[in-house]
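Notebook open. Today I am going through side-chain contacts, ring pairs and charges.

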Amino acid sequence: MTGQIFKGGVYAFTLLSAMLLLLLVGFLLINSTSFFAEVSLFDFLLNGDWDVSTEPFSFGLFNILIANFAVAFLACIFSFFISLGVTIFICFFASAWLRHVLDWMIRILAGIPSIIYGFFALYTVVKILESGLKMSAGESVLAASLILSVMILPFFTSHLLQSVDLLKQNFKTNSDALGVSTGYFIRKVIFRKSIKASISGFILAFSRAAGETMAVMMVIGNTPLFPHLLSKAQTIPSLIALEMGMSEAGSLHYHALIVSGFVLLVFIFMLNIFIFKFEKNNERF
């Protein structure tokens, strides 16, 4: 009897999880249909003009969507090299106690609220860019990418640690028996064998970075222009956070913001499908 109750509870919670996902997608889809009755999908995605200051409003997501992906991509690039270096150091050169300390510090970074990262970036990264690059305003795509790279660093490092640790367990004993140096082993085995894990980790980190709101919103400038490295821009999460409170419920502006979130969800969903297929085809190293 107890086993049946437990089994039923597992099935119920699994069904609840699936229903929540369907409910979320259904809510976004229903609110999107009324918007696309007035604005075409191509105009919404390919038009770069987003202006709700004066009527008639213009809802063009292109610049914001490109900025969203540009910030996330740059953050992943910055974070990848740091994460790879940290991973190699922890796995091959750190002592047991130092590895424990570094692992603890990485976990602490993951637990810091995004608003704290935003304050730090606003009063340090932005000021450094202003003084170092002689910028009139340091809020930019570069500033957002730099702080976002720190935020996804624990996520990226944890993913790479699992892969490199497994490779070390599988090949290090044989490598030592052949007299291969640690440096050669890292260059010829670890770097080559961890490419697939790095790609999947990169895409997962990109998915995480694309949805970040508060820290990015504080340092990117929140201007829906086409993104350049040292210019202001705006991402979809920051757009929704800034304008949802001032949009009238049920208005075209309100539905445009919901559709913006739905577009981001679709892209992230596609990335996750790609990761699933990629990892399924490369389960063995």
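This is a predicted model: local features need pLDDT of at least 70, side-chain atom pairs count only at pLDDT 80 or more; totals for chains, interfaces and linings use all residues.

Is Arg107 buried or exposed? I get a relative accessible area of 59% for Arg107, so it is exposed (over 50%; under 20% is buried, in between is partly exposed; 1.4 Å probe, protein chains only).

Residues are numbered from 1 along each chain as its sequence is written, and side-chain values use heavy atoms, with hydrogens and water left out.

Next I looked up salt bridges (a side-chain nitrogen of Lys or Arg within 4 Å of a carboxyl oxygen of Asp or Glu). My search of the whole structure gave 4. One of them joins Arg107 to Asp103 at 3.0 Å, N to O. Asp103 is partly exposed at 29%. Another has Glu212 and Arg208 at 3.2 Å, N to O; Glu212 is buried at 7%, while Arg208 is partly exposed at 36%.

Then the rings. I counted 14 aromatic pairs (Phe, Tyr or Trp rings, the six-membered one for Trp, with centres within 6.5 Å; planes under 30 degrees apart are stacked, over 60 edge-to-face, the rest tilted). Phe57 and Phe59 are edge-to-face, 6.2 Å between centres and 80 degrees between planes. Phe57 is partly exposed at 35%, whereas Phe59 is buried at 5%. Phe69 and Phe206 sit 5.7 Å apart by ring centres with planes at 40 degrees, so I logged them as tilted. Phe206 is buried at 12%. I also found a cluster linked by ring pairs: Phe35, Phe36, Phe44, Trp50, Phe57 and Phe59.
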